[in-house]
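Okay, thanks everyone, let me put the model up. I'll keep this short.

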Amino acid sequence: MDKFTNSAWFMRIVAFALAALLFISINFEMESDKKSLGLSTAPEISTETIENVPVEVYYDRENLVVSGVPETVDVTLKGAKSLLINAKNQRDFKVYVDLSDPAISMGDRTVTFKISDLNEKLVATIDPEYAEVNVQERVTKEFSVEAEYNSSLLEEGYTAGQPTVSPKTVKITGAKDAIEQISYVKANLEISKGLNETVNSKATVKALDRDLNKLDVTIEPSSVAVSLKVSIPSKTVSIAPKQTGKAKDGIRITSISVDPKEVTLFGSETSLEKIDEINLPVNISKIDGDTELELDLNKPDSVQKMSLGKAQVKIRTEKVDVDEENAEPVVEEEEPETEQKQEEQVVEEKPEPEEEDEAAAIESKTFNNIQIVPVGIRDDQDAELESDVTSITLLGEADDLKKITKDDINLTVDVSNLDEGTHDVDLAVTVPEGVEWELDSKTVSVTITQKDEET
């Protein structure tokens with residue numbers, strides 16, 4: 001036994017056994033570590049579908065037009081799960097159709113989708129696998145643009161002119177057969193409410209075939225400026241004060257005057273033809289003496305709007321005895337006039353001295369820096385006056401002029417129906433009754449601009 005244990009072969013066998021045990025032990029530990037770290041020697045195979053992957057098309061874009069290629073496809077990938085996750089998150093591969101061959105012919109053809117920049121350890125399936133495409137010669141042609149709008153949206157009484165566009169022509173690029181199908185090039189004004197004022201807006205241009213189907217072409221510019229002038233007929237009529245009610249005992253109404261004396265009505269031509277004046281009822285039953293009132297003007301139902309809604313009424317009175325007020329007027333019989341009576345009447349009616357006195361009492365008074373106020377500015381416009389102040393000279397009796405201040409004078413300019421640009425507009429003047437006025441210029445230059453569109 002001692003001889004065997006001390007032999008060289010015994011030592012070799014023991015060394016070999018120990019080495020085998022050590023190898024098995026180490027290999028077992030390494031396998032355990034790999035499993036705990038997820039490093040399996042056999043990778044896990046899986047599939048993943050990536051939807052809506054963009055498709056790129058390679059072709060001669062200067063001379064050709066390609067249609068029929070879908071914008072996106074679905075790609076199903078198969079391979080190691082770790083590689084799939086990376087491909088899905090990064091999306092660093094491309095799906096494309098190659099039509100770059102210079103010798104490619106025109107017309108319809110079937111092309112397959114290809115994929116590039118994909119990890120070679122992954123297998124890809126594309127859905128759909130191919131596409132039916134059409135290759136045409138690229139053509140550019142110039143067309144006139146016609147603006148249109150929904151005329152049924154015009155409010156009652158309003159009229160519209162022919163819409164204008166700027167620029168008047170556009171360049172349309174597309175496949176030759178698509179360009180040949182173009183029958184109409186329209187710029188439609190999008191109006192969603194009643195139309196009662198001039199419209200200045202942008203409109204998208206569309207190319208349509210004879211059946212009004214939209215064609216797949218490129219339009220430059222894609223939108224144009226459209227202007228539609230909307231107006232309403234007008235008529236200026238007098239304001240007629242009409243006395244209503246009965247005056248109080250001892251009060252006699254000597255005069256009723258109104259300021260301003262006229263008002264401008266807006267509406268359909270047939271409605272305006274029937275109106276010659278606007279009645280303004282004035283109730284005198286509560287008048288105790290000279291009075292000034294501000295009364296509302298009643299708008300006729302057939303009229304769309306009026307230039308003003310109120311008017312100033314001046315009532316002049318005198319006190320009388322109740323018996324005199326109720327007495328019947330005495331009517332004397334007329335006698336044939338003799339030549340002597342006619343001469344006496346002529347002498348008595350000579351008013352020259354009084355007229356000379358009145359003419360001598362007329363004076364003038366000038367007011368400087370009177371503010372000019374623009375009225376009727378639309379929400380989408382700005383109005384700039386060349387000069388927003390002016391001077392005015394009033395003519396009248398000295399006593400009347402002394403009572404007048406700047407606050408009694410109103411100068412306005414109506415810009416409600418003005419389009420973009422510069423216009424000379426008449427000034428509207430309101431001054432106290434009984435005086436005349438003079439201006440250096442009865443018009444003012446007004447520049448209308450469009451407000452910038454909010455973004």
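This is a predicted model: local features need pLDDT of at least 70, side-chain atom pairs count only at pLDDT 80 or more; totals for chains, interfaces and linings use all residues.

Residues are numbered from 1 along each chain as its sequence is written, and side-chain values use heavy atoms, with hydrogens and water left out.

L21 sits in helix α2, residues 8-36; helices here are DSSP runs of H or I, at least four residues, and strands are runs of E, at least two, numbered from the N terminus. Buried or exposed, then, for L21? Exposed, because its relative accessibility is 57%, and the cut-offs are over 50% for exposed, under 20% for buried, partly exposed in between, with a 1.4 Å probe and protein chains only.

Now the strands, where pairing takes at least two DSSP bridges between two strands. There's an open sheet of 4 strands, ordered β21-β18-β20-β23, with mixed pairing. At the edges are β21 (277-283) and β23 (305-306), each pairing on one side only. Inside that order, β18 (residues 234-244) runs antiparallel to β20 (residues 262-266), joined by 5 bridges, and V237 is opposite V263 in β20.

Elsewhere, β1 (residues 45-58) and β3 (residues 72-80) are antiparallel over 8 bridges, with T47 bridging to K78 in β3. β3 also pairs antiparallel with β7 (residues 123-127), over 5 bridges, where D74 has D127 as its partner in β7.
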